[in-house]
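Here's a quick briefing to read with the model open in your viewer. Have the sequence handy too, and follow along by residue number.

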Amino acid sequence: MQFLKSSCIRKTFSSTYRTISNKVPEIRIYEVGPRDGLQNESKFVPTDIKIELIHKLAAAGIKNIESASFVSPKWVKQMSDGAEVMTNLKRSPGVNYPVLIPNLKGYEAAKKCNIEEIAIFPAGSEGFSQKNLNCSVEEGLKRFKVVADQAVKDGMRVRGYVSCVLGCPYDGSISPKAIAKITEELFAMGCYEVSLGDTIGVGTAGSVRKLMREVLAVTTPDKLALHFHDTYGQGLSNLVAGLEFGIKTVDSSISGLGGCPYARGASGNLATENLVYFLYGLGVNTDVDLVQLVEAGRYISNFLAKPTESKVNRAIGDRFKNHQDIVKMAACTI
């Protein structure tokens, strides 16, 4: 009996990887390290260090870098220099530098910094909405609609986040149907994409599949992104489950940085280094130089005086000088 179960599991994984290899000719990486990755750090990161991190990520080939937040410094001191970051960074051609916006006041401040894309972030649960936004889910959506309406009018791109899509630190399990409804409302506001966030990292491949079935009843996979925290070490396996449905955008954070001030116990995001190595192993060309990416991870980890959370970063270390050698190893062609 045990042999039969193992055989079935092997067949399932084999089928899964065949499905993925047919569906992921290209993946868009959405880097959240400079914002989501740093927001929960107790050690304040000076503006020049944040800007240099963003420059290093762009130099490594990352094309979408969430760079700042315009939330109140009273609540998130780490993000108090958002205007300085966005005003002083040197923007690379072809790189997108979105910012997180909590309300119309934050939007008006961000608009002065030559931004092109904003992100809004309603919660997927009542408990988290009260803690993070001080209002109900319904009221939060109304507030963000005001922001989205103005941004769309101004010609800005608007991205939506839904937090706690697979579990809430206050409410427990979350209904996939409720997440689908919030997702639908964000698209109605004019969002070009909605990122589904497992804020506390409790999701599994099984719960991801259930969520995707519900959400894809109201939209298509090309309009969705996945955002996994790696609290229980399930980030990559959850991603595999999402890729089965044709998802093309993945959020990640350099060096696995991350956490949330209002979600105690939640660890960092899926590490960008781990994601890129994984994708090269699938034959997906991300156009990201892993040698430079590892260096960017070590740069910010050294400043924070903490070890990197990326196992790929730790494993690669100084072993490679040529990016293509890492690609060959990931694809088992060495």
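Glu 108 is partly exposed, with a relative accessible area of 32%, and Lys 111 is likewise partly exposed at 32%. Their side chains meet in a salt bridge, 3.6 Å from N to O. Keep in mind that this is a predicted model, so to speak of the pair is to speak of a prediction.

**Salt bridges**

- In total, the count comes to 18 salt bridges.
- Glu 108 and Lys 111 sit three residues apart in helix 5, about one turn of the helix.
- Asp 81 pairs up with Lys 50, and their closest N and O atoms are 2.7 Å apart.
- Buried or exposed, what is Asp 81? With a relative accessibility of 6%, Asp 81 counts as buried, because the cut-off for buried is under 20%.
- Lys 50 is buried as well, at a relative accessible area of 3%.

- Arg 159 makes a salt bridge to Asp 251, with 2.7 Å between the closest N and O atoms.
- That pair links distant parts of the chain: Arg 159 belongs to strand 6 and Asp 251 to strand 9 (residues 249-252), 92 residues apart.
- Arg 159 and Asp 251 are both buried.
- Which residues end up in one network with them? Through salt bridges that share partners, Arg 28, Arg 159, Glu 193 and Asp 251 are joined together.

**Strand 5 and its neighbours**

- Strand 5 (residues 117-120) is covered on both faces: Glu 117 and Ala 119 are buried on one side, Ile 118 and Ile 120 on the other.
- Strand 4 (residues 99-100) pairs with strand 5 in the parallel sense over two bridges, and Val 99 has Ile 118 as its bridge partner.

**The nonpolar core**

- The largest nonpolar core holds 101 residues.
- Met 86, Ile 118, Ile 120 and Leu 196 have the most contacts inside that core.
- Leaving aside residues up to four places away in sequence, Met 86 touches Ser 67, Ala 68, Phe 70, Arg 91, Tyr 97, Val 99, Cys 113 and Ile 115.

Definitions and conventions. Residues are numbered from 1 along each chain as its sequence is written. This is a predicted model: local features need pLDDT of at least 70, side-chain atom pairs count only at pLDDT 80 or more; totals for chains, interfaces and linings use all residues. Side-chain values use heavy atoms; hydrogens and water are left out. A nonpolar core is a set of buried Ala, Val, Leu, Ile, Met, Phe, Trp, Tyr and Cys residues joined through side-chain atoms within 4.5 Å. Buried means under 20% relative accessible area, exposed over 50%, partly exposed in between (1.4 Å probe, protein chains only). Contact means heavy atoms within 4.5 Å. Helices (H or I, at least four residues) and strands (E, at least two) are DSSP runs, numbered from the N terminus. Two strands pair if DSSP finds at least two bridges between them. A salt bridge is a side-chain nitrogen of Lys or Arg within 4 Å of a carboxyl oxygen of Asp or Glu.
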